[in-house]
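Please consult the sequence and the model displayed below while reading. The explanation moves from a pair of helices to a sheet, and then to a pocket.

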Amino acid sequence: METPKIFEKEYRFCLILWEHEPISRVDLAKLCEEQLGWKTTTTYTVVKRLCDRGVLKNDNSIITSLITKEQAQSAEIDGFVEEKFEGSLPAFLAAFTRKQKFSDNDLDELQKMIDRARKGGTK
């Protein structure tokens, strides 16, 4: 199943949800007012929209996510690489690393990811 698209303002909303879920619709609206400056009606509209797209579940006004933060991030990166780099991960990485400075720890973590990918692992 393809991960539904989450737009930028929706993603900021989801960050709040992921941190506090499961959460009541009322409490979520209060957090969104405090952190995003949203009116209650805006929060409820976003909840409905994301429920309709299969991102959230509203069960008796208790809101939970149906996709994880990691799934949303992966889908966004996949779309970005496809759109901007014609699906080429090496082209994306070349552009990303061109001006980056990496610590030894960063490089060690990247190497571990490469090693896991070579072995067919994902974590």
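Helix α4 (residues 69–85) and helix α5 (residues 89–97) have axes that come within 9 Å and cross at roughly 90°. The two helices are therefore roughly perpendicular to each other, a term covering angles from 65 to 115 degrees, whereas angles under 35 degrees count as roughly parallel, those over 145 as roughly antiparallel and the rest as oblique. Axes here are lines fitted to C-alpha atoms, for helices over the stretch in contact, and angles run from 0 to 180 degrees between N-to-C directions. Helices (H or I, at least four residues) and strands (E, at least two) are DSSP runs, numbered from the N terminus. The model is predicted: local features need pLDDT of at least 70, side-chain atom pairs count only at pLDDT 80 or more, and totals for chains, interfaces and linings use all residues. Residues are numbered from 1 along each chain as its sequence is written, and side-chain values use heavy atoms, with hydrogens and water left out.

Which residues of α4 and α5 meet? Phe80, Val81 and Phe85 in α4 meet Leu89, Ala91, Phe92 and Ala95 in α5, where contact means heavy atoms within 4.5 Å. By class, this contact of α4 with α5 comprises seven nonpolar residues, no polar and no charged ones. Nonpolar denotes Ala, Val, Leu, Ile, Met, Phe, Trp, Tyr, Cys and Pro; charged denotes Asp, Glu, Lys and Arg; the others, Gly among them, are polar.

The sheet comes next. Three strands form an open sheet in the order β1-β3-β2, with antiparallel pairing. β1 and β2 are the edge strands, each pairing on one side only. Helix α3 (residues 40–52) packs on the sheet and touches β2 and β3, its direction making about 110° with that of β2. Two strands are taken to pair if DSSP finds at least two bridges between them. Strand β1 (residues 23–24) pairs with strand β3 (residues 62–65) over two bridges, and Ile23 stands opposite Ile63 in β3. Strand β2 (residues 56–59) is joined to β3 by four bridges; Leu56 stands opposite Ser65, and Asn58 stands opposite Ile63.

β2 and β3 form a hairpin with two residues between them. Pro22, in the loop between α1 and β1, is joined to Glu21 by a cis peptide bond with omega of about -5°.

The second largest pocket holds about 340 Å³ of space. On a 1 Å grid over the protein atoms alone, a pocket is an open set of points where a 1.4 Å probe fits, with protein on both sides within 12 Å along at least five of seven lines; lining residues have an atom within 4 Å of a point. Grid points are joined across faces, edges and corners, and a volume is the space filled by probe spheres set on the points. Of the 16 residues lining this pocket, Lys5, Ile6, Ala72, Ala75 and Glu76 lie nearest its centre. α1 (8–20) and α4 are the elements that give two or more residues to the lining, and α4 gives the most, with eight. By class, the lining has seven nonpolar, three polar and six charged residues.
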